[in-house]
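Colleague: Can you walk me through this one? Keep it short and plain, please.

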Amino acid sequence: MNMLICGLFLLNALLFVVCSSATSREVRNDRESSEDDMKIENIMTTLLGICIHDNPDQTIKQLRKDTQTILNNIGIYKEVVKLNKQLRNEITWIFDETKGPRERKRIIDLLKQDVKGTCAAEKYKDCTEIKKKSYRKKESGVYKIYPDGTKSVQAYCDMSTDGGGWTVIQKRYDGSVDFNRKWLECANGFGNINGEFWFGNNFVHTLTASGKYELRIDMVKSNNKKYAVYKSFSIGDAASKYKLTVGDYSGNAGDSFTSHNGYMFSAKDQDNDIWAKHCASVYQGPWWHSKCYHANLNTPFGKMKWAGNNFVHTLTASGQCELRIDMIKSNNKKYAVYKSLSIGDAASKYKLTVGDSLTSHNGYMFSAKDQDNDIWAKHCASVYQGPWWHSNCYNVNLNTPFGKMKWAGTISGPVTMMIRKL
């Protein structure tokens, strides 16, 4: 009798233990399931946040399309999970089959080496490759590129302007970086890649020597955004003094860079221009100087140059323009208006077409102190210290030293020249 009671008691105890164990397992499974559900909910919230909250203006059709794209791609992630499971099984087999820890370590070390070679990040040559080859959409910012395929350099990539994929080679916006640098600094680059910088002539040469590149320059002139694009752009190596090749212009900023085509780079400690003096030193800006420049984006901030006659030619070639000149003569305000104005391109030496007190200059080419296109035996622009459409030499010149400007007599005060499309 006692034995029976004890047996029943033990059986009850066993049943209790078994039931308790099963209950604990169920509680643990429920807890793990709840944690998994929470993680899944977090993932869904993140995905919806990207698709909805980051794009508040999208339509319901666009949302449906984006969701379908995610579903179409989910199969790839499932395949990765399956392959990882298979990889785990294979590594387990290696562990089971290898003899001793030494052999096992040798095999695992070799495997790690293989994985480093297989899973290493792709080396992109420039921002264009990053844009084209990246699976995910890339934002503008700093990326690591490999211009020569081996050594990396930090580059700022513009991923939004005109389709994106631009490797930025110069950036200026607040004057915080001094651009009047020496030759080697210009060769290797300087500044802050997250702020103002010069990318470096060596890197630009390496890139442009590896394929066909275009150049885009964005600028603000008189509070208006302007741009210039050159479908042909490259610079030579250090031995060539980074000789410039540029051409095939389009844009609305005016072509001020083609005139620098074929010239070498100069810096304050290396003079490669064709002027008797030293352009980069005199004008405090390393550049592809001739004698000296029509455009220079490396002069001190606020004094950067673009356009001039090229810009006026572009404007006046696009339709009929009028010219207005305001001046002060003998303390009296005066003005002149010409209903017909145009100037030719660089090839024509910016030939002038205009009428009246300026009429005597009509048909003449533009001259500057470094280029004599007048019809005088001497050099008007040099003798009278003012670039203008000189004949021999002038009846009018508003570019002589201040106080000596001429308009049928000397102009004593301020003068303003303006053009407007008719």
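**Contacts, strands and cores**

Modeller: Among contacts in the chain between residues at least 6 apart in sequence, 41% join residues at least 24 apart. Contact means heavy atoms within 4.5 Å.

Colleague: What kind of model is it, and how are residues numbered?

Modeller: It is a predicted model: local features need pLDDT of at least 70, side-chain atom pairs count only at pLDDT 80 or more, and totals for chains, interfaces and linings use all residues. Residues are numbered from 1 along each chain as its sequence is written, and side-chain values use heavy atoms, with hydrogens and water left out.

Colleague: How many helices and strands are there?

Modeller: The chain has nine helices and 15 strands. Both are DSSP runs, numbered from the N terminus: helices are H or I with at least four residues, strands are E with at least two.

Colleague: And how much of the chain is buried?

Modeller: Of the 422 residues, 32% count as buried. Buried means under 20% relative accessible area, exposed over 50%, and partly exposed in between, with a 1.4 Å probe and protein chains only.

Colleague: How many bridges join strand 1 and strand 2?

Modeller: Five bridges, in the antiparallel sense. Strand 2 covers residues 153-158. K144 stands opposite Q154 in strand 2.

Colleague: What about strands 7, 8 and 9?

Modeller: Strand 7 (residues 213-221) and strand 8 (residues 224-235) pair antiparallel over eight bridges. M219 stands opposite K226 there. Strand 8 also runs antiparallel to strand 9, joined by seven bridges. In that pairing, V229 stands opposite S250.

Colleague: New topic. Which cysteines are joined?

Modeller: C127 and C157 form a disulfide, S to S 2.0 Å. The rule asks for cysteine sulfur atoms within 2.5 Å, and the count comes to one disulfide.

Colleague: Why does that link matter for the layout of the chain?

Modeller: C127 lies in helix 4 (residues 127-133) and C157 in strand 2, so the pair ties together parts that are 30 residues apart in sequence. The link is left-handed, with -70° about the S-S bond.

Colleague: Are those cysteines buried or exposed?

Modeller: C127 is buried, at 0% relative accessibility. C157 is buried too, also at 0%. C186 is another buried cysteine, with 1%.

Colleague: Which residues touch the most other members of the largest nonpolar core?

Modeller: F199, F257 and W288, in a core of 41 residues. Such a core is a set of buried Ala, Val, Leu, Ile, Met, Phe, Trp, Tyr and Cys residues joined through side-chain atoms within 4.5 Å.

Colleague: What does F199 touch?

Modeller: Leaving aside its neighbours within four places in sequence, F199 has contacts including I145, V153, V168, I169 and L207. Another core lies apart, with 14 residues, among them V354, W388, W389 and L398.

Colleague: How many aromatic pairs are there?

Modeller: The count comes to 14. Rings of Phe, Tyr and Trp (its six-membered ring) pair if their centres lie within 6.5 Å; planes under 30 degrees apart are stacked, over 60 edge-to-face, and the rest tilted.

Colleague: What is the geometry of W198 and W288?

Modeller: Their ring centres are 6.2 Å apart and their planes are at 45°, so the pair is tilted. W198 lies in strand 6 (residues 197-198) and W288 in the loop between helix 7 (279-282) and helix 8 (309-317), so the pair ties together parts that are 90 residues apart in sequence. Both are buried. They belong to one aromatic cluster, which also includes W183, Y230 and F257.

Colleague: Last one. Where does D248 sit, and what is its phi?

Modeller: D248 is in strand 9 (residues 244-251). Its phi is positive, about 60°, although D248 is not a glycine. D248 is exposed, at 54% relative accessibility.

Notes:
Pairing = 2+ DSSP bridges.
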